[in-house]
Amino acid sequence: MSGAALQVISSYSLLQSSIRIKDVVINAKSKGYTALALTDINVMYGALSFYDTCRTEGIKPLIGMTLETSTTESETLILIAKNENGYRNLIQISTQKQLLLAQGNSEFKIKENLDLFEDIITIIPSENSFFINKLLNGQSEIAGNYLKQVAEVLQSSLYIGVSVLTKDALYDKLLQYANQLNVDLINAETVRYLEKKDLFVCEVMNAIKHGKSLDNSELRYANEKIGTAWLKPLNEIKQKSVEKNRLKPFENMLDLIELINFDFKPRRVTLPRYNKPQEISTNSYLENLCERGMQEKVHLQKDEKKNKYLERMNNELSVIKKMGFADYFLIVWDVTNYAHRHGILVGPGRGSAAGSLVSYLLGITDVDPIKYNLLFERFLNEERAQMPDIDLDIPDNRRQEIIEYVNRKYGENHVAQIITFGTFGAKQALRDVARVMGVSQVESNNWSRVIPSQLGITLADAKKKSVQLRDLISKSERNHLLFETAIRLEGLPRHYSIHAAGVILSDIDLKEVVPLQMGNDDVLLTQYTKDDVERMGLLKIDFLGLRNLTILNNTLTAIKRNFNRSIDINKISLNDEATLKLFQKADTSGVFQFESPGIRNVLRNLYPTSFEDIAAVNALFRPGPMENIVHFIARKHGKEKIVYPDNSLIPILKNTYGILVYQEQVMQVASIMGGFTLGQADILRRAMSKKKADVIEKLKSKFVNGATKLGYSQENAERVYDYIERFANYGFNRSHAIAYSKIAFQLAFLKVHYAASFFAAILNSVIGDRVKTRDFIIEAKQHQLQIETPDINRSSYYTLSGKKNLIIGLGNIKTLRRDFIKEIIEERKNAGRYKSFDDFIGRINHKYSKEEPLKALIYSGAFDSFSENRATLLGNLSKKLSNVELSGGSSELLSLLAPKQEKYDELSLEQILAGEQKYLGIFLSAHPVEQFAEIAQMLKTQVITNVQENMNQQILCLIKKIKIIRTKNGQQMSFLTVEDQTGEIELTLFPKVF
């Protein structure tokens, strides 16, 4: 028996169904279905995933959509593509509907889009459709007119849907209308969940969607609720159709399955054309740009070296031309060129693209691949027919400018960002279900607390690992229901968002290729995710917003302001001694890729003496390659003998002390010893990294034969092949390591030479994160910077830097609203500096004249430049605010009614510091331990920054955090976090001391 469910609404109709695509296909197969129609509401998010899953399971996929022609009166239609043309039209219908919704228009007019309904089956849903609802409400005339209008427009492609749940009286009416208008009835069950008991989960999702709670009566009978929109067994549907003498709609459904003939065929990538001058070919234009780059970047090289660059450039251009990628390089060049012209910093490179000399000459990357021995074939290879993949790093605060430029340049219908979906995680699912079930915030937090803090943990794993969670679940039936419901939601799509980097470019109108919706800033957004978009043959370029580039750019801007000095960060020496010393001391907080405690420990042990060492650490500090770190360090310091598999490989492995660190080294070994071309060597590298045993074995023979032809012994060749096979999986992309280590070195250079500018930039990047702000301020003090409290006349929203000082920004003061800070700065800009505290409260908008924000400013030291001390300002604050209220905004009355000011002795140091800690999260005026300077001198204590390893020393410190544990012997010991005026340190107190 065959049959189809013609209206399956999946979880991609966000928060309207609990159906997972894989589950519904497998479930349908077990219930006798041979075909399924995915008909999500107004969208096609899951279409390709559904298609693939159906094909895998032997189910015929019917690609469709439930279209809301109007949301006011449930005007819905089921649309199913007959063939490829129908699928293309369906894409455009979905896009058109989404764009209308983005404009606040819920009406989709069929007549105005009639051409899009060609090769599309249209079914009036059997439940909750305008036509059915009007009939049920006794409005037969309205229902009849509606059906007549739709039938006239759509003609033979229209069906009226019926269900086994359709009442006899309604069925008879539908049959009557169908006969009058020559429209067929068809079996079209609505499916929103797999089993009848799943109704409650959908009710919870609906409540989440609309921000509502379920009442006690709805919760009391949750497990007893039986739904109707479940995937009923096909034989049950047929049996009921026979019993009710309704076999014809069932047969019409079978005929419809046969009528549909759609096979998805992945399209070849169609590159957009770069808009070059007409009189020159694309290839020639690219070549001219490269020659210009040669003159700019290679002109100082000796002739012998110039020839090497010229030969490499010509070889790369030859491959690019043969593979038809000239337009691609020109498009990426155009984007980076726009960035350079508009002062937008572009990263030196990302991924294997840094191995391309053409990319370097065009200014797409800023890593010389010949100088750093990087391989073009790792990036682009004739023997590996793949699109080149150039990703660009952009400061995260200017990424949107690049996207808007591309959108303008290539046309709004040819550019789109890529959709992603946020799913219900373990804690999110619990929180949402708890809210819907009326659980208090305190209790909801308790649920979150008993979930182990493990990235990506599932609720099922959490239940196994957490005794507290199991106890909480078993505490009541309500808790059991909450947890089980959360498990059912976990992993389902909850909302859509925008891919962090990917942008699609197309030569043809995207509306003809992929379903779209409106994204941010009037840039289109694909309804298909990254992998599906690439299957559609669309070119993807990643513009990644990198916070560290924003920090770098802001630091350079501050240097220009503070020192009147412009630094070309790409021209600094990568052998700068002071910067290398910073890496040797592992003083790398705030330095891209080198911030974690683990990698800083590696730096201390390695003591890098070159940029190559730094790049190697970046490559090695990853799962897998980490195993080689100990050997790498030992060999660098002469504690382990450097061994090479063969002396001919010394030039390749010398920089990494005989250890295979980079993928490019694998390729070079295969080339030098095995006689492989670098293109063939790249195939070998890929096979080894993906552990393709058959390819590895096949290429082993080629390698050994090639080596013996070059004079190596078979034994030696086999030993070297085994060696590279063993380490190839650990190899890291050298091009990427060099490019990203260059960003790290640039940031470290700025940190060591322009500390104030660097710390201001990094503090502004973590504003709102009180822990990181405190840590960076402490570190800034260690770099001998003067840290100044916020100042009402000098501070901006963000922290400002001088040559050797930082003025903390008003945005760092807790409880201050952004609009209040904006008011303070705007008023100061328009009417001049504030002359006194009274002048300040008289000038600001009176809606901000409240005690709490003004206390925050006082305790933070923002008014310290005025004559009154903090205690006096606090003591008179209430009276002054009353006067502001009485004066009603009149400056004359404010002065006339001014109360007599009382003077107070300044707050104690303890009170001052407590206020700063409360509102700034750190002590700025002083540090509590400084009160005990005489004791420190008497005991000859060391400040924390001067503490040295393996020496007995005393420190005078403030204990911030204590963690007490028990040893295996049951004795207590503890771990302390302590600080003084210079920094912070971790201490361990063993049982005897504790």
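## Charges over aromatic rings

Arg-734 sits over the face of Tyr-662, 4.9 Å from the ring centre, and Arg-622 lies over the face of Phe-732 at 3.9 Å from the ring centre. A charge counts as over a ring if NZ of Lys or CZ of Arg is within 6 Å of the ring centre and within 35 degrees of the ring normal.

The model is predicted: local features need pLDDT of at least 70, side-chain atom pairs count only at pLDDT 80 or more, and totals for chains, interfaces and linings use all residues. Residues are numbered from 1 along each chain as its sequence is written, and side-chain values use heavy atoms, with hydrogens and water left out.

## Aromatic pairs

The structure holds 33 aromatic pairs, defined by ring centres (Phe, Tyr and the six-membered ring of Trp) within 6.5 Å; planes under 30 degrees apart are stacked, over 60 edge-to-face and the rest tilted. The rings of Phe-563 and Tyr-754 are edge-to-face, because their centres are 5.4 Å apart and their planes stand at 75°. This pair links distant parts of the chain, 191 residues apart. Tyr-754 is buried at 11% relative accessible area, whereas Phe-563 is partly exposed at 23%; buried means under 20%, exposed over 50%, and partly exposed in between (1.4 Å probe, protein chains only).

Phe-611 and Phe-745 form another edge-to-face pair, with 6.0 Å between centres and 85° between planes. Phe-611 is buried at 4%, as is Phe-745 at 0%.

## Positive phi angles

Tyr-657 and Lys-940 are not glycines, yet Tyr-657 has a positive phi of about 55° and Lys-940 likewise one of about 55°. Tyr-657 is buried at 14% relative accessibility, whereas Lys-940 is exposed at 71%.

How values were computed
Helix = DSSP H or I, 4+ residues; strand = E, 2+ residues; numbered from the N terminus.
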